[in-house]
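Visitor: I am new here. Could you walk me through this one and tell me how you know what you say?
Guide: Gladly! Let us have a look together.

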Amino acid sequence: MVNFLLERTVPLPLDQAWGRLTEWPRHASVVPLTRVTVLTDPPTHEGTVFVARSGIGPLAFDDRMEVTVWRPPTEDTPGLCRLEKRGRVVLGWAEIEVRPGPGGRSRVIWREELRVRLLPSLFDRPLAGAARYVFGRAVNRLLRTG
């Protein structure tokens, strides 16, 4: 099991930063070899379920996620989305927080606990590095493109 934290400050209003990070199908355009299917009707809410399918052919796996907290940001309160990962291979959770930053910018905090079923703990360190790299690139790209 690995835990990691990503923090970014971006020149976007709160609602734009939130929207770019929580439009689930967009994640497929920034994570290699991945496609995302939302299984519940829009808009996103507590109980929304989606699946990120990553890999090629028989080496692909599903990362099934459910939104368990959905509080979009307001001028007074930070936004918080919590995802529970409930797949057969990938388990854990992720939290996406969007709060006011300096100078009208938005501060994004992405926390994640990631567990890969049947992966021995001796692989935690390389998994943490790979996850930080892949998710860091994905967050950067999501926030850069509208």
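**A sheet and its helices**

Guide: This is a predicted model. In it, strand 1 and strand 7 (residues 106-116) run antiparallel and are joined by 9 bridges.

Visitor: What makes strand 1 and strand 7 a pair?
Guide: Pairing takes at least two bridges. Strand 1 and strand 7 are joined by 9, so they count as paired. Within these strands, Phe-4 stands opposite Glu-112 of strand 7.

Visitor: What is the order of the strands in the sheet?
Guide: The open sheet has 7 strands, ordered 1-7-6-5-4-3-2, with antiparallel pairing.

Visitor: Why are strand 1 and strand 2 called edge strands?
Guide: Strand 1 (2-10) and strand 2 (34-38) each pair on one side only. From one strand to the next, the twist averages 20°.

Visitor: Which strands does helix 1 lie across?
Guide: Helix 1 (residues 14-22) lies across strands 1, 4, 5, 6 and 7, and runs at about 165° to strand 6. Helix 2 (residues 124-144) also packs on the sheet, where it touches strand 1 and strand 7.

Visitor: How do you know whether Thr-22 is buried or exposed?
Guide: Thr-22, in helix 1, has a relative accessible area of 7%. Buried means under 20%, so Thr-22 is buried.

Visitor: What makes the approach of Thr-22 to Trp-18 a polar contact?
Guide: A polar atom of the Thr-22 side chain lies 2.8 Å from the backbone oxygen of Trp-18. The cut-off is within 3.5 Å, so this pair meets the distance limit. Thr-22 also touches Thr-44 and Trp-70.

Note on methods: Residues numbered from 1 in each chain as written. Predicted model: local features only at pLDDT ≥ 70, side-chain atom pairs only at ≥ 80, totals over all residues. Heavy atoms only, no water. Helix = DSSP H or I, 4+ residues; strand = E, 2+ residues; numbered from the N terminus. Axes fitted to C-alpha atoms, helices over the stretch in contact; angles between N-to-C directions. Contact = heavy atoms within 4.5 Å. Buried < 20%, exposed > 50% of the residue type's maximum accessible area, 1.4 Å probe, protein only. Polar contact = N/O pair within 3.5 Å; in protein donor to acceptor, adjacent residues only side chain to side chain. Lists of a residue's contacts leave out its neighbours within four places in sequence.
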